[in-house]
Amino acid sequence: CVNDPIAYAGVPSEAPIIAWREPSTILATSAAVPPVEMSDRIASIKKKARRILRIFARTMKIVAVLSPMAVLYPLWRLQQRLLGGPSRETKEEDDSYSTLEEHNLYNDWYMSLCLYSIEASGAAFIKLMQWASSRPDMFGKNFCGFFEQLQDDTTPHQWRYTEEILKASYGENWEEHFQIGRLLGSGCIGQVYEGIIEGDDGKTEKVAVKVRHPRVVDDIETDMEILRCLADWSKFVPGHLGDQIRWLDPMGAVEGFAKILTGQLDFRSEAINLERFNKNFADDKDVIFPELVPGYEAHPDVLVETFCEGIPVAKWAKKNAGNQEKLSSMCKIGIRTVCKMIFDHNFIHGDLHPGNVWISEEGKFILLDVGMVTEYDDDDHEVIIKVLTAFIRKNGREAGRLMVNDSNRRMLKDDEAALNEEAYIDKIEALTDRANTNPEYLVEAMGAYVAYICDAAAAHHVMMNQAFLSACLAVKVQEGIALALDPNTPIGEFVFTRIAIRNVLMAAASQNCLETQSSWLRSRMKLCLARW
């Protein structure tokens, strides 16, 4: 005790006073852990263990589901050679092979296996296949004709799940508010029913009721965890391949994909997106988005919206195959709509596969399923505009310089910079020079040019901007719809028009008169506006 004089025996007066305790008491005190802290540690350990087990179980399921595709592929190829089948040229030239009957004749067992495996793998795989099946020019009509059913015809969940969700969201007496009719379609996140609601005045209104699939949230969150692990492990890949992967910023790509995909999981986010899209296109009479139904609040797993009458764009294109003027007109409207999203609004529908694009009887575009959107920060959006402008103007040096400067800005925190910048810029300039004879080169061969740019970026340590890559993806998905309507439409010219108009408006907004624009820009503006 500090008041005990024995405790101070032999201690100088200026020395600090130290209270004496029994050694056993000191050890017991230092080793003791508060019960609350201990329980938190145990809870944290349990949480990590559950996460590891969940990732492991999900990985094993994916491997088990997809393995038969890889194992049986050689057998399927052997069957094709022995028994015969339509040649690649025949399939590409003859539309009849895009029908399901022709698939059943030649590919039934293997293609059905692939379809089942992709669907059983979960929402992330279905989403990727939805995008792929919109590009017959890249994957063939045979492939796309079979897998396009994943766009709106996946296996629906049971009615009891829908009933449970409606009860939880709108109460036990939800049937007094509206009636659920036929199932309209089922996608990777949820399924949509036709519904009827009755207003206070006794009038009925047809609505669309969207209900989220069970367990889809857990599956997507786990898939994103797996992708993050793979992206993190990619830094250990040796050699040139490892360098390529690193400068493609795999973790940034995964986070970008996760951001837009997980945005679909909460239908309240889709409700907010609907309001914003309707505001952005309020003055555009050629584009329709569903609207929220007053009195029916959006919930994480259910959304009630107005019903839009129409048919999918692919069916509409086949129905009007003989009317080239109508096809071209709708194609131009579609391109203009997507360009407005990218260049004017900076708020992009991130899921524009043909299953989400319908045409009304009045010939208007109906854009559905707006849960997945892309929005860039001001810096990235400006980079996209400038880089695409430089490419379309075939100014490779300017495009290369912009990408190098953007990369150096983002790598500044890691004290890194691009290697041999001028050599990289020379490669980008050579790319535009080789394609100088084709005015549509940027859009028609987007995949090949992005691959070339990424390879050059890996060689010169230029960190690719994920915003630029996602914008290229948006252009490619949009191109799939354009090809279904009118393969001859000059997409690149329309993309340029949107950029040129934006540049002029931005210059005017900053009080720069049109006379300060280059003569090249003014002449191109006149040409493009005439075509527009």
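Is Asp-369 buried or exposed, and what is its relative accessible area?

Author: The model is predicted, so local features need pLDDT of at least 70 and side-chain atom pairs count only at pLDDT 80 or more, while totals for chains, interfaces and linings use all residues. Residues are numbered from 1 along each chain as its sequence is written, and side-chain values use heavy atoms, with hydrogens and water left out.

Asp-369 counts as buried because its relative accessible area is 19%; buried means under 20%, exposed over 50%, and partly exposed in between, with a 1.4 Å probe and protein chains only. Asp-369 sits in the loop between β9 (365-367) and β10 (373-374), where strands are DSSP runs of E with at least two residues and helices are runs of H or I with at least four, numbered from the N terminus. Its phi is near 55°, a positive value in a residue other than glycine.

The side chain of Asp-369 is joined to that of Lys-210 by a polar contact of 2.6 Å, that is, a pair of N or O atoms within 3.5 Å in which, within protein, one must be able to donate a hydrogen and the other to accept it, residues adjacent in sequence counting only if both atoms are side-chain atoms. Lys-210 belongs to strand β3 (residues 204-212) and is buried, because its relative accessible area is 7%. A further polar contact, of 2.9 Å, joins the side chain of Lys-210 to that of Glu-270.

Side chains of opposite charge can pair when their charged atoms come close. Across the whole structure, a search finds 21 salt bridges, each being a side-chain nitrogen of Lys or Arg within 4 Å of a carboxyl oxygen of Asp or Glu. In one of them, Asp-223 pairs with Arg-58, the closest N and O atoms being 2.7 Å apart. This pair links distant parts of the chain, since Asp-223 is in helix α9 (residues 216-233) and Arg-58 is in helix α2, 165 residues apart. Both Asp-223 and Arg-58 are buried.

Another salt bridge joins Arg-182 and Glu-194, with closest N and O atoms 3.1 Å apart. Because Arg-182 lies in strand β1 (residues 178-186) and Glu-194 in strand β2 (residues 190-198), the pair ties together parts that are twelve residues apart in sequence. Arg-182 is exposed at 53% relative accessibility, whereas Glu-194 is buried at 15%.

Glu-421 and Arg-401 also form a salt bridge, their closest N and O atoms being 3.3 Å apart. With Glu-421 in helix α17 and Arg-401 in helix α16, this pair ties together parts that are 20 residues apart in sequence. Glu-421 is partly exposed, with a relative accessible area of 24%, and Arg-401 is partly exposed, with 27%. Both belong to a network of salt bridges that links Arg-397, Arg-401, Glu-421, Glu-422, Asp-426 and Glu-429.

Asn-420 lies in the loop between α16 (396-411) and α17 (421-434). Its phi is near 50°, a positive value in a residue other than glycine, and Asn-420 counts as exposed because its relative accessibility is 52%.
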